[in-house]
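Visitor: I have a model open here and I'd like to walk through it with you. Can we take it piece by piece?

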Amino acid sequence: MSAAPVTHPTYGNWRRPRRPGLGPFGMVGTLGVFGGLVLALLVSLVSLVAAIVVIVSVVVLLVPLMVRTQDGRNLYQLIALRIGWLRRKAKGSHVYVSGPLSQRPGGRFHPPGLLSKVTASEGHDAYGRPFGVLHHKNRNLYTIVLGCEPDGGSLVDPDQVDVWVASWGDWLARLSHEPQLKGATVVVETAPDPGTRLALEVLPRITDDAPAVARAVMEEVVERYPSASSEMHTYISLTYGMPTGQKRSAEEVITDLAIRIPGLLAGLVGAGGGSAAPLSAERIAEITRVAYDPAVAPDVLNARAAEGGTGLEWDDAGPAAAEETVNAYHHDSGVSRTWLLTLAPRGTVRSSVLRDMLAPAAGTRRKRVALLYRPIDPATSARIVEADRRAAQFMATSGKGMVQARAASEIRAAEQTAAEEASGAGLVEFSLMLTVTVDSAAQLSDAAVTVRNLQAAARISMRPADRMQAAAFTCTLPVGVLPWEHVMIPRELQEAL
């Protein structure tokens, strides 16, 4: 009697959104090409020399749109990034100083940068649990943060893992039906154990009349175990906006969010999220405080264990001093560098593709992996998948040789996506960001090597967020900062470029 072979499900079929237009030009470049040709023809009726000048000018303006980096940015975007960095440096906005001795009003340690206008409040859900609400005043967005302890994948049947993945996909699809939800961020944070958690749990439980041998064994375990252990936390932040033209008070928003929390938590538990609960405003402030100053992590843990809470407020969760450089972000007792996803894994992957990236990394003070999700409403999803389907069919019928073979693969993926969307699956845009925090700038080179190894194991491509390290660092915090909500250029124009 032979045993049935064990099957391991695979996942994939993610596709980078297509830009409209001809080749690398995008919509703006395509309009420039046709507009330049029409203008040259009209000018040629008056002067041939003037027409040549127009054609040369159009070519000079459009060539930078054709030259693109590996992550898809053209020369104009690279120039704009460098100009923005030089302007910030000239104004001194890359340096942040807070506290009583600073020139900032109030003398408190408010988080900097994208969090400078954020305020915190608190409400209670249907079960009486407190939850913090972060109000992003500059965009009128509200964020709640959920904490969970996901079930591990070790010694778990592949069928159970497949159920968890399907339930997680269903939970993400349900987010597209959440009224006014702008996006969600899943943050997995790992750090070496501070060495005090086990002692706080074990030592108070040792009785005075315990045998000497048993006492010695427990004390030895407390002394040696933390050196090889680590802590891991998972946070999910959900950011909501306000309906266009509608004004609501903070109390009304908090009441609305309190009603939604139980349903969101139930979906997380079914997707393998384990124990899940909303985070209070104090807990969110503690997470932010430790991220900016990793050295205070043991003190925060001791205060929570001894006094039941730290009493930390959001206005004191920021760093005393921070400085952004081209390739790093210096903040209190840590130096951080952030990487951005440029290419998702090609083909199909197994459920464990990100296991090494999410695991603790040796030689780092803290590491955060942030998965950013932007749910798309059903109506827009249908239009997107149909447009991709038509584009894939056009490429398959117009190409030859290797181009036609690749187009055939594209059309199969587009057809599968359209079929899944029609059967009720959701369409979600996603990205990934990785922040590594070390003790000094000299350790960043070793951290870069570690990140390169993690990329290879996860079959993804990433690049450093140079000249925007401070903003990228903030995006990996569980505070609801969505990059696409904090850009000056509208999304439609970005896609056209």
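Predicted model: local features only at pLDDT ≥ 70, side-chain atom pairs only at ≥ 80, totals over all residues.

Visitor: How are H8 and H9 oriented, roughly parallel or roughly antiparallel?

Guide: Helix H8 covers residues 281–292 and helix H9 covers residues 297–307, and their axes are 9 Å apart with a packing angle of about 155 degrees. The cut-off for the label is an angle over 145, so the H8 and H9 pair counts as roughly antiparallel.

Visitor: And which hand does the crossing of H8 and H9 have?

Guide: Handedness is a separate matter from the angle label. For H8 and H9 the crossing comes out as left-handed.

Visitor: What classes of residue make up the contact of H4 with H7?

Guide: On the H4 side you'll find Trp 164, Ser 167, Trp 168, Trp 171, Arg 174 and Leu 175. On the H7 side there are Gly 263, Leu 264, Gly 267, Leu 268, Gly 270, Ala 271 and Gly 272. Gly is counted as polar here, and the contact of H4 with H7 has seven nonpolar, five polar and one charged residues.

Visitor: Now Arg 368. Is that one buried or exposed?

Guide: Arg 368 sits in strand S11, residues 366–376. The relative accessibility of Arg 368 is 1%. Buried means under 20%, so Arg 368 counts as buried.

Visitor: Which residue has its backbone oxygen 3.3 Å from a polar atom of the Arg 368 side chain?

Guide: Leaving out residues up to four places away in sequence, Arg 368 touches a list that includes Glu 189, Ala 291, Met 433, Phe 473 and Leu 477. Thr 476 is one of the residues Arg 368 touches, too. The backbone oxygen at 3.3 Å belongs to Thr 476.

Visitor: What about Thr 474, buried or exposed?

Guide: Thr 474 lies in helix H14. Beyond its neighbours within four places in sequence, Thr 474 is in contact with Leu 114, Leu 115, Tyr 292, Val 479 and Val 481. With a relative accessible area of 3%, Thr 474 is buried.

Visitor: How far is Pro 278 from Ile 261, C-alpha to C-alpha?

Guide: Pro 278 belongs to strand S7, residues 275–278, and is buried at a relative accessible area of 10%. Setting aside residues up to four places away in sequence, Pro 278 touches Ile 261 and Leu 265, and others including Asp 125, Phe 131 and Val 145. Pro 278 and Ile 261 are 17 residues apart in sequence, and their C-alpha atoms are 7.6 Å apart.

Visitor: Which residues does Ile 206 touch, not counting those up to four places away in sequence?

Guide: Ile 206 is in the loop between helix H5 (197–202) and helix H6 (212–224), and with a relative accessible area of 18% it is buried. The C-alpha atoms of Ile 206 and Met 218 are twelve residues apart along the chain and separated by 8.5 Å. The residues touched by Ile 206 are Arg 215 and Met 218.

Visitor: What is phi for Arg 459?

Guide: Arg 459 lies in the loop between helix H13 (444–458) and strand S13 (461–464). Its relative accessible area of 43% makes Arg 459 partly exposed. Arg 459 is not a glycine, yet its phi is positive, at about 60 degrees.

Visitor: And where is phi for Arg 467?

Guide: Arg 467 is in the loop between S13 and helix H14 (469–475). This is another residue other than glycine with a positive value, and phi of Arg 467 is near 65 degrees.

Visitor: Last one: what share of the chain's residues count as buried?

Guide: The chain has 15 helices and 13 strands. Among contacts with a separation of 6 or more, residues 24 or more positions apart account for 79%. Of the 497 residues, the share that count as buried is 41%.

Technical notes:
Residues numbered from 1 in each chain as written. Heavy atoms only, no water. Helix = DSSP H or I, 4+ residues; strand = E, 2+ residues; numbered from the N terminus. Buried < 20%, exposed > 50% of the residue type's maximum accessible area, 1.4 Å probe, protein only. Polar contact = N/O pair within 3.5 Å; in protein donor to acceptor, adjacent residues only side chain to side chain. Contact = heavy atoms within 4.5 Å. Axes fitted to C-alpha atoms, helices over the stretch in contact; angles between N-to-C directions. Parallel < 35°, antiparallel > 145°, perpendicular 65-115°, else oblique. Left-handed = near helix turned anticlockwise from the far one by under 90°.
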